[in-house]
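Have a look at it first, then read on.

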Amino acid sequence: MSADRPRTRFAPSPTGFLHLGNVRTALFNFLAARHMGGEFVLRSEDTDAERSREEYLVAMLADLEWLGLTWSAGPDCDDGSGPYRQSLRAEAYARYFDKLEASAHTYPCFCSQAELAMARKAQLAAGKPPRYPGTCRDLGTAERAERAASGRPATQRFRVGDEDQVRFQDLVRGAQRFAVAEIGDFIIRRADGTPSFFFSNAVDDALMGITHVLRGEDHLSNTPRQILLLSALELPVPRYGHISLVVAGDGAPLSKRHGSTGLRELRSLGYLPLAICNHLARLGHAYDNPQFMSMDELVEGFSLEKLGRSPARHDMTQLRHWQKEALHQSDAEAFNDWLLGEASPVREELAAAVPAADAKAFAQLVRDNVEVAGDALHWATQLCATPMPVTSAAAEVLKNCDAALIDAAIKLVAAHPQDFKALAGAVREHTNLAGKSLFMPLRAALTGDTHGPEMVRVYAFLGAQRSRERLEQARQIAGSKK
RNA sequence: GCUCCCUUCGUCUAGCGGUCCAGGACAUUGCCCUCUCAAGGCAGGAACACGGGUUCGAGUCCCGUAGGGAGCGCCA
């Protein structure tokens, strides 16, 4: 880790699965690092033992890897600046707690949570900001010793100095100024000895050589605390950039929603990593290029200057567009793997519905009619099931058509087993029907549906045997309306 | 309550005082292509939250108002 090498990080708490908001933060940090030729690292902020779970960490790593956001160091790979999980960093924190203590930047606070809650309530009621009243701030050494001896649990608070204000240049919001008087002394170490977010987060960024911190806007007004802390510690302050939050389609905060805003859910629906990245990279960031981009192109076009300030809405219709593009871009092999491979969410169902020998041909046949993996199920039953399912629209078409058309087709299948154009041409000669009134009944008879892939390809896929069976099935209802 | 942030078509956004009667993408509408769907091509509708300033000139700067969001936690 060289001194000036740009380094960004994504530092989630393993208390749940990733949602699109988290993922976008990770993506931006990844893109920023790669664009600057630097490194992107992962850090697990698992100081809250109650809520942190190993399985969530494992899931996050797996999901980020799946997305293609590779990291050069993280909980699973230390590069010497770790460990990259906070639950393993007590020693480092102790060192810096001591340093703060030595410089009188911190003091023990014996207030109980009930007392604090009451004080907060009173301040709020009086129309004042709910800040720590400073009860334990100026306790004498004797009093401290006495209380400590009585076994009262103590937290450590950071003594906010008498500076006038804290200024910093936000990477996305420009010059920021906060009055120090607005900031109350805050807890940096809990009674159980674990560090609080403000402390561990800031200290770790400094110790891990993080140069740029892209994080949610919700951290903006807390940033002065961390700057104060790092200054007191004489540690380097990273450059902060506060990105706008992502909200759900209905405007609700993402974190409170589930379903289509969870990465896991999208993944299990069959959305592709690059579709998600293309979508997210444009939420709160503007690209010159309106087209679908590869990860390298996303990296190349990324710029801190192009980060937006206003909240962005996650809209599924936009994601769907990128999904179509992603599917369109993938070659036959990649598509087959996506639909039929190990990772496919509908692998089992498709294997049950489509004969193994036909699987690849099937995948290629329906690729333009599939947006998420589940869509293939409809075509699987429609094209492979026996008897053929007939949609009501298709039944309608068949009832209204001339039964002679189907009869002709049945007779002619054997003569034109693979060539739909030839078959259709022959049927036309026998029936004098053409255009839609020729093709639509054939489509309905062969696929049981009124829309779908090109008939030339459908027919080749079905083969003469299946085609004949299906035509005979269709013959039962053909012309019944006359 | 206090502090801070945000506000351009339905959605994502471009716009860094004149070249903007506001551009692009998605979505939408119509047409073309076509055996259907999709894709593709063409055309259309659709926005500067509001009110004051500053300026010869404001989407762009300033101040208010309204609306939305965040923070003020022994949560991160």
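Let's start with Ala104, which counts as partly exposed because its relative accessibility is 47%. (Buried means under 20% relative accessible area, exposed means over 50%, and partly exposed is in between, using a 1.4 Å probe and protein chains only.) Ala104 sits in the loop between α3 and β3, and its phi is positive, about 60°, although it is not a glycine. Helices here are DSSP runs of H or I with at least four residues, strands are runs of E with at least two, and both are numbered from the N terminus.

Before going further: this is a predicted model, in which local features need pLDDT of at least 70 and side-chain atom pairs count only at pLDDT 80 or more, while totals for chains, interfaces and linings use all residues. Residues are numbered from 1 along each chain as its sequence is written, chains are lettered from A and ligands numbered from 1 in the order in which they are written, and side-chain values use heavy atoms, leaving out hydrogens and water.

Most residues other than glycine have a negative phi, and most peptide bonds are trans. Glu234 is another residue with a positive phi, near 55°. You'll find Glu234 in the loop between α7 (223–233) and β9 (239–243), and with 64% relative accessibility it counts as exposed.

Where are the cis peptide bonds? One joins Gly82 and Pro83, with omega about 0°, and Pro83 is in the loop between α2 (54–67) and α3 (90–102). Another runs from Thr386 to Pro387, with omega near -5°; Pro387 belongs to the loop between α15 and α16 (392–400).

## Strands and a buried helix residue

β1 (residues 7–10) and β2 run parallel and pair over four bridges (strands pair if DSSP finds at least two bridges between them). Arg7 has Glu39 as its bridge partner in β2. Together with helix α1 (residues 20–35), these strands make a right-handed β-α-β unit; right-handed means that, with the strands pointing away from the viewer, the path from the first strand over the helix to the second runs clockwise. Strand β2 (residues 39–42) is covered on both faces, with Glu39 and Val41 buried on one side and Phe40 and Leu42 buried on the other.

Elsewhere, an open antiparallel sheet has three strands in the order β3-β4-β7. Its edge strands, β3 (106–109) and β7 (186–189), each pair on one side only. β3 and β4 share four bridges, and Pro108 has Gln156 in β4 as its bridge partner.

And Ala376? This residue is in helix α15 (residues 375–384), and it counts as buried because its relative accessibility is 0%.

## Around the RNA

RNA strand B is surrounded by 61 residues, and the closest are Gly127, Arg173, Arg190, Gly284 and Gly452. (A residue is near a strand if one of its heavy atoms lies within 4 Å of it.) Sugar and phosphate make up 70% of the atoms of RNA strand B that come within 4 Å of the protein.
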